[in-house]
Amino acid sequence: MAALRRAYLQVQCFRRLNDEQRAAATSSIATALLILAGAGTGKTTALVCRILFQLSEGVRPDQILAITFTNKAAAELKQRLQQAINEAAVSVQARAAGATAVTATGSTHDQQEAFERAWQQLGVLACTFHSYCYRVLRQKWRACGFTRCPLVRVYKDARQAVRLAIRLSQVDGVAKLLAGWLGASEETWPAIQAAARQKHPQIMAKWAGDVLAAKAKALETLTKKKQK
């Protein structure tokens with residue numbers, strides 16, 4: 001374990017740090033640290049090295065929490081941590097076997113096993129604000145006053161819930177009333193829409209425009225989220 005702690009400080013990301021990044025990564029773990037920097041200045045690299053430095057100082061892995069705002073940032077942080085841990089684990093393994101040089105980019109079976117063992121032992125939690133809060137809620141939902149653990153619904157779940165609500169509320173019976181009122185040829189929604197377009201073209205045109213605008217806005221919002 002001591003050898004692994006020393007190896008954390010010898011990984012490639014530490015060697016790439018500039019003076020300011022190194023000062024931040026290796027500052028005292030007894031005090032808080034605030035880093036203000038723009039995009040592309042190496043904040044994630046400094047954060048990864050900061051975590052490795054804490055591990056080398058004997059901080060327990062389960063006492064380290066790396067929080068991000070987006071899933072993309074959390075995935076990148078976790079990937080870089082994995083790469084650094086892989087490098088350190090392979091280095092320790094190679095030294096124990098008497099090797100003189102090891103690269104962290106190899107994909108041999110032995111390197112992968114060493115990485116998996118190190119990552120399982122590490123236990124550092126890297127996630128978003130939202131996933132961490134939900135993790136706490138899953139554990140403490142009774143203390144929060146809930147009668148059951150809240151569930152996170154994705155868009156597909158929401159659509160299924162709406163369809164179920166429609167069936168339970170017997171909204172399908174409205175189709176018969178609308179078909180009779182509009183003189184539709186069938187009691188189906190396509191036939192009802194066709195009859196509505198024929199009798200009320202202006203209203204249906206505005207409705208269609210509103211639907212298209214809502215879909216475009218939803219697509220734009222989804223695209224922006226994916227880009228983050």
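## Briefing on a predicted chain

In this predicted model, confidence in the chain is lowest in helix H6 (residues 109–122), at a mean of 54, and highest in helix H7 (residues 129–140), at 90. The score is pLDDT, the predictor's confidence in each residue, from 0 to 100. Helices here are DSSP runs of H or I, at least four residues long, numbered from the N terminus.

**Confidence**
- The chain has a mean pLDDT of 79, with 82% of its residues at 70 or more.
- Over residues 99–107 pLDDT stays under 50, and the model has nine contacts (heavy atoms within 4.5 Å) beyond four places in sequence for them.

**Nonpolar cores**
- A nonpolar core is a set of buried Ala, Val, Leu, Ile, Met, Phe, Trp, Tyr and Cys residues joined through side-chain atoms within 4.5 Å; buried means under 20% relative accessible area, with a 1.4 Å probe and protein chains only.
- The largest core has 21 residues, of which Phe14, Val48, Ile51, Leu52 and Leu55 touch the most other members.
- Helices H1 (2–8), H2 (12–15), H4 (43–56) and H5 (71–96) each supply at least two residues of this core, and H4 gives the most, with six.
- Another core, of nine residues, lies apart from it and includes Ala179 and Ile192.

**Gln21**
- Gln21 lies in helix H3 (residues 19–25) and counts as buried because its relative accessibility is 13%.
- A polar atom of the Gln21 side chain lies 3.1 Å from the backbone oxygen of Thr41.

**Notes on the model**
- Residues are numbered from 1 along each chain as its sequence is written, and side-chain values use heavy atoms, leaving out hydrogens and water.
- Local features need pLDDT of at least 70 and side-chain atom pairs count only at pLDDT 80 or more, while totals for chains, interfaces and linings use all residues.

Terms used:
Buried < 20%, exposed > 50% of the residue type's maximum accessible area, 1.4 Å probe, protein only. Polar contact = N/O pair within 3.5 Å; in protein donor to acceptor, adjacent residues only side chain to side chain.
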